[in-house]
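Here are my notes on this one, as numbered points. Have the model open while you go through them.

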Amino acid sequence: MQTKLTNWLQSQLQDNTLKIIDFSKPTAGASNETLILKVSHQVNGALAEKGMVLRLASSEISLFETYDLNFQYKVQQHVSKSKLPIPKLVGNFECDLDGLG
């Protein structure tokens, strides 16, 4: 999954220097699956690192009967235009994750 995720991030960010250097899945939480990533990439010729969080709809029994991650993405996208502090969205919402493994 890490290789496919790296390829997806490189495509979304149009940055083929991006590499995932750390990848973990917290055990806490039941409303969605969360992946914690640490990535590195070149910025003006220098290596830079940053953290990222990937949220996936839960593949197991969830707290909610229906879980509309697309709606949540759109809300976050809309709110990001305000002055409220909100994490930057990276890439586009993907409803078909088969390509990630």
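**Notes on the fold**

1. The chain has two helices and three strands (DSSP runs, H or I of at least four residues for helices, E of at least two for strands, numbered from the N terminus). Along the sequence they come as α-β-β-β-α. Keep in mind that this is a predicted model, where local features need pLDDT of at least 70, side-chain atom pairs count only at pLDDT 80 or more, and totals for chains, interfaces and linings use all residues. Residues are numbered from 1 along each chain as its sequence is written, and side-chain values use heavy atoms, with hydrogens and water left out.

2. The strands make an open antiparallel sheet, ordered E1-E2-E3 (pairing takes at least two DSSP bridges between two strands). E1 (19-24) and E3 (46-57) are the edges with a single partner strand each, so one side of each has no neighbour in the sheet. Strand-to-strand twist averages 25 degrees.

3. Five bridges link E1 to E2 (residues 32-43), and Asp 22 has Lys 38 of E2 as its bridge partner. Helix H1 (residues 2-13) packs on the sheet and touches E1, E2 and E3, its direction at about 130 degrees to that of E1 (contact is heavy atoms within 4.5 Å; axes are lines fitted to C-alpha atoms, for helices over the stretch in contact, with angles from 0 to 180 degrees between N-to-C directions).

4. E2 and E3 pair over 12 bridges, with Ile 36 partnered by Val 53 in E3. The two strands form a hairpin with two residues between them, and Asn 44 in the turn has a positive phi of about 50 degrees.
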